[in-house]
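The entries follow the order in which I worked.

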Amino acid sequence: VQLQASGGGLVQPGGSLRLSCTASGSIFSVSVMGWYRDVPGKQRELVATISSANITNYADSVEGRFTISGDNAKNTVYLHMNSLKPEDTAVYYCNSRLRRRRNDFVINYWGQGTEVTVSS
């Protein structure tokens, strides 16, 4: 299983970016997909998650500015980031909790990070 993320870059404060991530390989079912971020000097933190039932969860710091959405048929998750702030600067990691086969346990997978820099 691979998670391929894309969409990071440099943006000015107040700007927008969209991240996307697709899980591929031998997948029976995906339970949750989401985004986390690494900021130097801090532990990895949750940004947002979305379940296969479209239940979403956001960090307080991004609530109202970021929107997570998913395409279950494509095992893809998107993160629409609006009103970006310098403190959103981080490496963003895609995450998926999924089963590779019907009777498998749910396993956590991570994609490669994509860098988001918010600066004027």
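The entries below go from the ground rules to the sheets, the disulfide, the core and the charged pairs.

**Entry 1. Ground rules.** I noted that this is a predicted model, in which local features need pLDDT of at least 70 and side-chain atom pairs count only at pLDDT 80 or more, while totals for chains, interfaces and linings use all residues. Residues are numbered from 1 along each chain as its sequence is written, and side-chain values use heavy atoms, with hydrogens and water left out.

Entry 2. I took helices (H or I, at least four residues) and strands (E, at least two) as DSSP runs numbered from the N terminus. I counted two strands as paired if DSSP finds at least two bridges between them. On that basis I found an open sheet of four strands in the order 1-3-8-7, with antiparallel pairing. Its edges are strand 1 (2-6) and strand 7 (66-71), each of which pairs on one side only. From one strand to the next the twist averages 15°; for such angles, axes are lines fitted to C-alpha atoms, for helices over the stretch in contact, and the angles run from 0 to 180 degrees between N-to-C directions. I then looked at one pairing in detail: strand 1 and strand 3 (residues 17-24) run antiparallel and are joined by five bridges. Within this pairing, Gln2 stands opposite Ser24 of strand 3.

**Entry 3. Strand 9 and its partners.** Which strands pair with strand 9? I recorded strand 4, antiparallel over nine bridges. I also recorded strand 11, antiparallel with three bridges, and strand 10 (residues 107-110), antiparallel with four. Val91 of strand 9 is the bridge partner of Asp38, and Val91 also stands opposite Glu115 in strand 11. Leu98 has Ile107 in strand 10 as its bridge partner. I checked burial next, with buried meaning under 20% relative accessible area, exposed over 50%, and partly exposed in between (1.4 Å probe, protein chains only). Strand 9 is mostly covered, as seven of its ten residues are buried.

**Entry 4. The disulfide.** How many disulfides does the structure hold? I found one, a disulfide being a pair of cysteine sulfur atoms within 2.5 Å. The disulfide is formed by Cys21 and Cys94, with 2.0 Å between their sulfur atoms. The link of Cys21 and Cys94 is left-handed, with -85° about the S-S bond. Cys21 belongs to strand 3 and Cys94 to strand 9 (residues 90-99), so the pair ties together parts that are 73 residues apart in sequence. Both Cys21 and Cys94 are buried.

**Entry 5. Core and contacts.** I defined a nonpolar core as a set of buried Ala, Val, Leu, Ile, Met, Phe, Trp, Tyr and Cys residues joined through side-chain atoms within 4.5 Å. The largest such core has 30 residues, and those with the most contacts inside it are Trp35, Leu79, Met81 and Tyr92. Elements that give two or more residues to this core include strand 4 (29-38), strand 8 (76-81) and strand 11 (114-118).

I then turned to Leu19, which lies in strand 3. Leu19 is buried, with a relative accessible area of 0%. Leu19 and Tyr92 are 73 residues apart in sequence and 8.8 Å apart in space, C-alpha to C-alpha. With contact set as heavy atoms within 4.5 Å, and neighbours within four places in sequence left aside, the contacts of Leu19 include Trp35, Leu79, Met81 and Tyr92.

**Entry 6. Charged pairs.** I counted a salt bridge where a side-chain nitrogen of Lys or Arg is within 4 Å of a carboxyl oxygen of Asp or Glu. The count comes to five salt bridges. The side chains of Arg37 and Glu45 meet at 2.5 Å, N to O. Arg37 counts as buried because its relative accessibility is 4%, whereas Glu45, at 27%, counts as partly exposed. Asp88 and Arg37 form another salt bridge (3.1 Å, N to O). This pair links distant parts of the chain, with Asp88 in the loop between strand 8 and strand 9 and Arg37 in strand 4, 51 residues apart.
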